[in-house]
Amino acid sequence: MPNNQERSPEAVTKLTMQFLAEALGQCPAGLEKSTDRDIVFAVLGFQYGAVLSAAYVAGLDEAAATGIADDVVGRINGMDRQAASKFISVMPMLAGKKYPPIGIGAKAIISFYNAAAEEGKLAAAASLRDILRQIDEA
């Protein structure tokens with residue numbers, strides 16, 4: 001992230017909301033109503049990884065990154081902050097176990113941010129759809 005304005009929590013929130021809205025927009029309809037735990041955790045893990053990656057690149061500390069994750073995950077999924085925090089609280093443990101959607105989300109947002117063309121942004125955002133396809137095939 002090249003300048004100080006883009007290193008603020010607000011800039012990270014804006015970037016991650018844009019990216020995650022694009023990623024979710026490429027997923028199957030009705031995803032937000034899924035009760036399949038594998039899908040819910042894959043989506044939330046992907047989102048968590050994206051937020052943390054953007055926050056760390058911006059030079060924000062872990063507390064700021066977690067606060068942004070609570071806010072973004074809640075807003076993008078229509079959850080209240082308490083519900084979002086509940087999910088976010090288990091993500092560090094999953095990250096420690098190398099839960100793939102977290103790492104994929106972390107890499108995808110960087111690719112999205114660095115993409116020179118719209119096709120690159122779409123390819124980065126499509127990585128969530130690819131995760132969900134793999135879950136369906138399993």
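Figure 1. At 1% relative accessibility, Leu128 counts as buried. Buried means under 20% relative accessible area, exposed means over 50%, and partly exposed is in between (1.4 Å probe, protein chains only). The model shown here is predicted: local features need pLDDT of at least 70, side-chain atom pairs count only at pLDDT 80 or more, and totals for chains, interfaces and linings use all residues. Residues are numbered from 1 along each chain as its sequence is written, and side-chain values use heavy atoms, with hydrogens and water left out. Leu128 sits in helix α7. Helices (H or I, at least four residues) and strands (E, at least two) are DSSP runs, numbered from the N terminus. Leaving aside residues up to four places away in sequence, Leu128 touches Ala23, Leu24, Cys27, Ala42, Val43 and Phe46. Such a contact means heavy atoms within 4.5 Å. Ile76 is 52 residues from Leu128 along the chain, and their C-alpha atoms are separated by 14 Å.

**Figure 2. The whole chain.** The secondary structure comes to 7 helices and 0 strands. Along the sequence the pattern reads α-α-α-α-α-α-α. The radius of gyration is 14 Å, close to the 14 Å that the globule rule gives for 138 residues, so the chain is as compact as a globular protein of that length. That radius is taken over C-alpha atoms, and the globule rule is 2.2 Å times the number of residues to the power 0.38. Taken along the principal axes, the C-alpha atoms fill a box of roughly 40 × 35 × 25 Å. Of the 138 residues, 42% count as buried. Among contacts with a separation of 6 or more, 73% come from residues 24 or more positions apart.

Figure 3. Gln47 belongs to helix α2 (residues 37-57). At 0% relative accessibility, Gln47 counts as buried. The side chains of Gln47 and Asn77 are joined by a polar contact of 2.7 Å. A polar contact is a pair of N or O atoms within 3.5 Å; within protein, one must be able to donate a hydrogen and the other to accept it, and residues adjacent in sequence count only if both atoms are side-chain atoms. Not counting residues up to four places away in sequence, Gln47 touches Leu20, Leu24, Val73, Ile76 and Asn77.

Figure 4. The whole structure holds 3 salt bridges. A salt bridge is a side-chain nitrogen of Lys or Arg within 4 Å of a carboxyl oxygen of Asp or Glu. Arg133 and Asp130 form one of them, at 3.2 Å from N to O. Both residues lie in helix α7 (residues 127-137), 3 residues apart, about one turn of the helix. Arg133 is partly exposed at 41% relative accessibility, and Asp130 is partly exposed at 30%. Glu137 also meets Arg133 in a salt bridge, at 3.4 Å from N to O. Glu137 and Arg133 are separated by about one helical turn, because they are 4 residues apart in helix α7. Glu137 is exposed, with a relative accessible area of 59%. Shared partners join Asp130, Arg133 and Glu137 into one network of salt bridges.

Figure 5. Asp71 and Arg75 form a salt bridge, with the closest N and O atoms 3.2 Å apart. The two are 4 residues apart in helix α3 (residues 62-77), so about one helical turn separates them. Asp71 is partly exposed, with a relative accessible area of 23%.

**Figure 6. Aromatic pairs.** The count comes to 3 aromatic pairs. Rings of Phe, Tyr and Trp (its six-membered ring) pair if their centres lie within 6.5 Å; planes under 30 degrees apart count as stacked, over 60 as edge-to-face and the rest as tilted. Phe41 and Phe87 pair edge-to-face, 5.7 Å centre to centre, with 65 degrees between the planes. Phe41 lies in helix α2 and Phe87 in helix α4 (residues 81-96), so the pair ties together parts that are 46 residues apart in sequence. Phe41 counts as buried at 18% relative accessibility, whereas Phe87 is partly exposed at 24% relative accessible area.

**Figure 7. A phenylalanine cluster and a lysine.** Phe19, Phe46 and Phe112 are linked into a cluster by ring pairs. Lys121 lies over the face of Phe112, at 4.7 Å from the ring centre. A charge sits over a ring if NZ of Lys or CZ of Arg is within 6 Å of the ring centre and within 35 degrees of the ring normal.
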